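Subject: Structure for you to look at

Hello,

Here is the structure I said I would pass on. Please open it first and keep it beside you while you read.

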Amino acid sequence: MIDVRGVHKEFADVEAVKEVSLHVARGSIYGLLGSNGAGKTTLLKMLAGIYKQDRGDIFIGGEPVFENTNVKQKLLFLPDALYFFPQTTIRQMAQFYRDLYPSWSEERFTRLQEAFPLALDKKIHRMSKGMQRQAAFWLAFSVKPEVMILDEPLDGLDAVMRQKVKNLLVQEVAERQMTVIISSHNLREVEDLCDHIGILHQGEIVLEKEMDELKTDVHKIQVAFRGGIPSSFLTGLDAVYKEQRGSVLLCIVRGQKEKVEAYIHQFEPVIFDVLPLTLEEIFVYEMGGVGYAIENILV
Amino acid sequence: MPSKIFSYNRSLVMQNVRNVGWIGIVHLLLLFAAIPLRMLMIYTSQKNGYSPVIRNVFELSNAFQGLIAFTVPVLLAIFVFRYLQTKRSVDYMHSLPLRRETLFWQQMLFGVLLLVIPVIVTMLVAALLCQLPIENMHISAGDLVRWAMEMLLMELFAFSASVLVGMLTGISVLQGAFAYILFLFPAGISVLMLMNMRYMLSGFSADYYLSANLERIVPFIRFVELVDKPLAAFETVRYALATVVCCLLSLWLYKRRHSEAASQAIAFAALQPLFSFGVTFCFMLVGGLYFGETQRSIGWILFGYVAFSLVGFFIASAIIEKTWRIFHRWKEYAIFIVAIIVIGSFVRFDITGYEKRQPALSDIKRVYFGESVYQFERQAEENYISYVQSDQFLQTTQNIKNVYAFHRQLIEDRPTPFAFGENIRPVVIGYVLKNGEKMVRTYSIPIDEYKPFYEAIMESMEYKHNYYFLLQDNVSPIRQITIRTEAKTVQIADPKQIESFLAVLKTELKEEPFTEMISPIDEWGTIELLQSDGGQMQLSWKKSYARIDAWLKQQGLLSKARVTADDVAYAIVVKNEARTPLYDLVENPAFVKELETRTDVLRITDKRQLDECLQKASSYETKSRYIIAFYRTAHSEPEWHVMDEETLPSFIRKQLP
């Protein structure tokens, strides 16, 4: 559904996005992760047809997106910094979207009122930040877009509303095969939502994987040996991270689980455990690999 | 395409009405205040006897209308395209399924409506009010339509130009500022370039180009002139064309503009160097002009160029970077300096041969010679004749040769454009060629060094004839002559006497040397000639006109016409080694009082000597080395003059060396 090929974008002298390629299949939820300033917003704005890329191609549903009304009618972009016309109410905004998007569903709009307890005729500018975001989601879901591009969408929502929105998203994807690309610097926020993950660092995609694959391919192990760690032990492992706690060696390794286990058993460890690894940890170690200060990423 | 343009209008128009609609209302109210309200005010104040003559709608409130025409559209352009200038709104608008072209025409159309509707409504209301019996108001339906058309044309021009500027910048405040700069730019840069060219090229005649009504290309000045001068057809076409070009250029730029240009001073990276070098260049010219006019030296001009260009570069860079810490950009400034030095030396060393250019003598139809360029172009439309015409066309072969030779000499000498002083005079030399081409040069030169050239031209009969209106054949008969000096007046009405006087006067004028023409020693007073057609001609009665003196003496009129030696009891000559200006000395009562008792002065009582002193005393020069006070019999206060050293009577020089 979304096909990005070698996209490059510079601002003044800064390369915000460097030769990024990614692919998002129809009906999937793609999580775009990265630290602040990694280029997430720039990439998403290019996907939404707001920015024009300097090089490369962006196709949505097989068509280029920039200045393409056909594509944009099926696409909805929710920016991290929301914008509403000054002095408008939700009712007026709904009218505006009704005019602009042929897929607008009046029925859906009415039904969603239950989910979003907002006054139709209240000026959106007078609402709190969280309520404004709810209003934006309400309008976005009522458009029933084929593609939704969400930039840090859950900021400012309380836990209940967060779950509600997530549920609505999953439901839309399940029912209508909507495609979602969602950015976040907060892993936990999207961990349970995405089926694909891409990590953007300094404008480049450093990792792009299917969620399940990601979790099965990286393992946290702790091992101890009688008489210390064999000198050749680590050479056979693809260790991303290692740490020695007394006689116990803690490390994070990549590779198929069976192969790693078989390899370690050769050395006859006294202790050998495969520990559960959160997505957050994977992220930290992956980013650590590209030389980023780990502490700053986690939220 | 049109169907696409209008297809989404409802929702956007609603938004526009909510956000920008107020400008339309303000526009209408302002126009109401400027026209219908003004008509009512005039109507009600008629009773008090106040009824100004109103010949067209512009006359009702000219300046106010101008203010409306050049503020409302600029404001409107800023607000209609305000969404482009903030990040959130531009991202939002460009994420919607609307093409930029659609958005652009939507916004333009909306803006145009906010301009057109109030103007039309005002016109209709004014038409109704024209039915009121208002004395001295002559506004026809045609006037109303003309007003609406011209007002709209000006407003639409201002609007589209401001939109264009808005596409080039990403900051609304700058959009407003740049819009006004754009209106002034063509005239401003022309003036700056022309004035600075004078410093670079010897003989460059900036005045000639400046006289071409440059102010007419400043739109608001042109607007104010609409009262008297409706837009000519070519002007209408020009404004309409400019409006269309601005619109299309805006759209072209909009399509190429990045959304992220919002809040950037210059929206297109490619234009940033152009902007900063342009500002630097303009500042440089201003600096050169300022120091050129105040200090008149090449050193100061260069200082002005460097100092002001630095300031300009700093300002431009600070605007682009939105910080004043821009010192890292010095390399760009260095590039500018190098480029300017290269271009400047092209001009200065005159690669086009401008300074040396002179048409072939055989191609010249006539030459222009004078002190200012203004008569060069305007000869035809002159409706008042001055009695002394120093700027004129000459066409005798001899004079063409004389002027040509003068110019040749000036080309060789390359006089500095900065010369100034009492002895420096401007000289303008122009050529009209046989093929109709024109060429003009202006120099400032010390007269003394070019005496022979001046003599040859100004003492020629052709020049004299043009110079003194009295010498021309088409002068209507003179009915009366009044000779007027400070204290005395003589009138001559006898036709025979008039004829004889005029013959002497004409001889005097024909024989007058050029030095007396441009800087006479002094004048006794004026000679007024009353013509049979009621016109009056005035000439100065110069002290050098010895034949007039002789004639008056012979007719027994001299003592009635002016102060003579008989009126003077004695005179005192005092040396003024310090060359204190005369007016300062006279202000000092001690100096005046002591003068009569001082021993280092010369007291003159001899009538013949007094007469010579009267003839040579001058009041033009003030810082002379000799000062003379005439003590007249009938007056208590002396009359002060100076004596020029060159014409100083020998007896004074002998006794007061």
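Below is what was found, going from whole chains down to single residues.

This is a predicted model, in which local features need pLDDT of at least 70, side-chain atom pairs count only at pLDDT 80 or more, and totals for chains, interfaces and linings use all residues. Residues are numbered from 1 along each chain as its sequence is written, chains are lettered from A and ligands numbered from 1 in the order in which they are written, and side-chain values use heavy atoms, with hydrogens and water left out.

Domains

Chain A is divided into domain 1 (2-202) and domain 2 (215-296); such bounds come from an automatic or database domain assignment. The C-alpha centres of these two domains of chain A lie 37 Å apart. Chain B is divided into domain 1 (2-181 + 230-262), domain 2 (276-348), domain 3 (361-467), domain 4 (471-561) and domain 5 (565-655). In chain B, 37 Å separate the C-alpha centres of domain 1 and domain 2.

Chain A as a whole

Chain A has ten helices and 14 strands. Helices (H or I, at least four residues) and strands (E, at least two) are DSSP runs, numbered from the N terminus. Taken along the principal axes, the C-alpha atoms of chain A fill a box of roughly 75 × 40 × 35 Å.

Of the 299 residues in chain A, 53% are buried. Buried means under 20% relative accessible area, exposed means over 50%, and partly exposed is in between (1.4 Å probe, protein chains only). The chain exposes about 13,100 Å², and carbon and sulfur atoms supply 47% of that area. Accessible areas come from the Shrake-Rupley method with a 1.4 Å probe, and for residues only the protein chains shown count as cover.

Contact means heavy atoms within 4.5 Å. Among contacts in chain A between residues at least 6 apart in sequence, 69% join residues at least 24 apart.

Chain A also carries 34 positive and 42 negative side chains, with the centres of the two sets 5 Å apart. Lys and Arg count as positive and Asp and Glu as negative, while His and the chain ends are not counted. The place of a charge is taken as NZ of Lys, CZ of Arg, CG of Asp or CD of Glu.

Nonpolar cores

A nonpolar core is a set of buried Ala, Val, Leu, Ile, Met, Phe, Trp, Tyr and Cys residues joined through side-chain atoms within 4.5 Å. Which residues touch the most other members of the largest core? They are A:Tyr97, A:Phe116 and B:Trp147, in a core of 124 residues. Helix α8 (residues 141-168) of chain B gives the most to this core, with 14 residues. A second, separate core has 75 residues, among them B:Tyr454, B:Leu470, B:Trp541 and B:Ile548.

Leaving out residues up to four places away in sequence, A:Phe116 touches A:Gln134, A:Phe137, A:Trp138, A:Phe141, A:Met161, A:Val165 and A:Leu168.

B:Met123 is found in helix α7 (residues 100-129). B:Met123 counts as buried because its relative accessibility is 15%. Beyond four places in sequence, B:Met123 touches B:Leu144, B:Val145, B:Trp147 and B:Ala148.

B:Ile492 lies in strand β6 (residues 489-492). With a relative accessible area of 1%, B:Ile492 is buried. Its contacts, leaving aside neighbours within four places in sequence, include B:Gln480, B:Ile481, B:Phe501, B:Trp551 and B:Leu557.

Is B:Phe420 buried or exposed? B:Phe420 is exposed, because its relative accessible area is 63%. Its place is in the loop between α17 (397-413) and β3 (424-433). B:Phe420 and B:Ile445 are 25 residues apart along the chain, and their C-alpha atoms are separated by 8.3 Å.

B:Thr44 is in helix α3 (residues 36-45) and is partly exposed, at 45% relative accessible area. Its C-alpha atom is separated by 62 Å from that of B:Ala634, 590 residues along the chain.

Positive phi angles

A:Gln177 is not a glycine, yet has a positive phi of about 60°. A:Gln177 lies in the loop between α6 (159-176) and β8 (179-184) of chain A, and counts as partly exposed at 38% relative accessibility. B:Lys322, also not a glycine, has a positive phi of about 55°. B:Lys322 lies in the loop between α14 (298-321) and α15 (330-348) of chain B.

Regards
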